Amino acid sequence: MNRALRNPLTYLAFIVPTLALYALFFVYPVVVSFLYGLFQWDGITDKVFIGLDNFTRLWQDEVFRRSLLNNFYFMAFSLTVNIPLVFLISIVISKVGRMRDFYKSAVFVPVVISTATVAILFGVLLNYDSGMINQFIRLVAPDSWAREWLSNPKLAMLSILIANAWQNIGFFIVLCLAAILNIPREITEASKIDGVNGWTETWSIILPLVRPILFVMLLLTVSGTMKVLDIVQIMTNGGPFQSTEVMSTYMLKVGFRSMELGYGSAIGVAMFIIILILTGILQRVSKSEEVQY
């Protein structure tokens, strides 16, 4: 066994299949998408080479700029609302003595529900005529207070953000809660002896110790919000009036409805580059250090 482990071929036997799958399902699609972006092509007729015209067209495309801005709305909402809420809920659950496992399971339930189901569920809840939200509003307030949640350009994006947060927040709570519960009790007990408790303990002790997992949550949030697709596609399909259009939905419409596969590929490459730049900046700004207890 030791002789086999010292043989370089043993390591290659494990590494080569992994690298082959990585190249096949990640590197190859990115390269092919970039190459398709250099052509004008409808998927049927012959490709026409147009150089970087598709990529320069992106920044002149008002719909693409709007969809990019909507992706940033997703990211800003997640960073300023979801993650602080995740941290606070995790703190509360960590302080619970009884039924902690029940609360952990309860907050994680939406995560295991498919996004399509969540989108349809919220579509029913937010329906103007029969939705539970408007029915409750009509019950306790004048009928004029009921809103077209998914048909109003000013409310549609907020509705999607809330639905997306409801589904995904449980996953981050479980991550953050695991980090909090992994803090040695000696540290928290010593802080209580020193008179540190409540908000001071949370801010000065717990928050720094769970910083690495918060950084992971930031990375997942940035990459996830930049490529969000399914919940927008099902709830509003980018409407009304493209107020909820995001890069992924716009890429699908351009590539497979308008049959501009070259331009659609250019949008996909732009998404990849934007995510790469944002995650790179985040890694440089928020350098994560291993916590030593």
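Predicted model: local features only at pLDDT ≥ 70, side-chain atom pairs only at ≥ 80, totals over all residues.
**Whole chain**

Along the principal axes, the C-alpha trace spans about 80 × 75 × 35 Å. Of the 293 residues, 38% count as buried. If contacts are drawn between residues at least 6 apart in sequence, 67% of them join residues at least 24 apart.

Colouring by charge brings up 21 positive and 18 negative charges, whose mean positions are 6 Å apart.

**A nonpolar surface patch**

With the surface still shown, select Tyr22, Phe26, Val27, Val31, Phe34, Leu35 and Leu52. Together these residues form a nonpolar patch with about 620 Å² of accessible area. Centre on phenylalanine 34, which belongs to helix α2 (residues 8-36). Phenylalanine 34 counts as partly exposed, because its relative accessibility is 37%.

Select glycine 239 and proline 240: the peptide bond joining them is cis, with omega about -5 degrees.

Asparagine 237, in the loop between α12 and α13, has a positive phi of about 55 degrees although it is not a glycine. Its relative accessibility is 25%, so asparagine 237 counts as partly exposed. Phenylalanine 241 lies in the loop between α12 and α13, and its phi is positive, about 55 degrees, although this residue is not a glycine. Is phenylalanine 241 buried or exposed? Its relative accessibility is 71%, so phenylalanine 241 counts as exposed.

**Into helix α13**

Follow the chain to methionine 251, in helix α13 (residues 247-257). Computed from C-alpha to C-alpha in the viewer, methionine 251 and glycine 239 are 15 Å apart in space and twelve residues apart in sequence. Methionine 251 is partly exposed, because its relative accessible area is 23%. Leaving aside residues up to four places away in sequence, methionine 251 touches Gly264, Ile267, Gly268 and Met271.

Select lysine 253 and glutamate 245 next. These two form a salt bridge, with the closest N and O atoms 2.9 Å apart. Lysine 253 counts as buried because its relative accessibility of 19% falls under the 20% cut-off. Glutamate 245 likewise counts as buried, at 1% relative accessibility.

**Other salt bridges**

The count of salt bridges comes to four. Another to display is that between the side chains of arginine 57 and glutamate 260, at 2.9 Å from N to O. This pair links distant parts of the chain, 203 residues apart: arginine 57 is in helix α3 (residues 53-58), and glutamate 260 is in the loop between α13 and α14 (261-285). Arginine 57 is partly exposed, with a relative accessible area of 32%, and glutamate 260 also counts as partly exposed, at 28%.

Finally, select arginine 138 and aspartate 143, whose side chains meet in a salt bridge at 2.6 Å, N to O. Arginine 138 is partly exposed at 23% relative accessible area, and aspartate 143 counts as partly exposed at 44% relative accessibility.

Methods
Residues numbered from 1 in each chain as written. Heavy atoms only, no water. Buried < 20%, exposed > 50% of the residue type's maximum accessible area, 1.4 Å probe, protein only. Contact = heavy atoms within 4.5 Å. Lys, Arg positive; Asp, Glu negative; His and termini not counted. Charge placed at Lys NZ, Arg CZ, Asp CG, Glu CD. Patch = residues over 30% accessible without salt bridge, like charges linked within 9 Å, V, L, I, M, F, W, Y side chains within 5 Å. Areas by Shrake-Rupley, 256 points an atom, 1.4 Å probe, with all protein chains shown as cover. Helix = DSSP H or I, 4+ residues; strand = E, 2+ residues; numbered from the N terminus.
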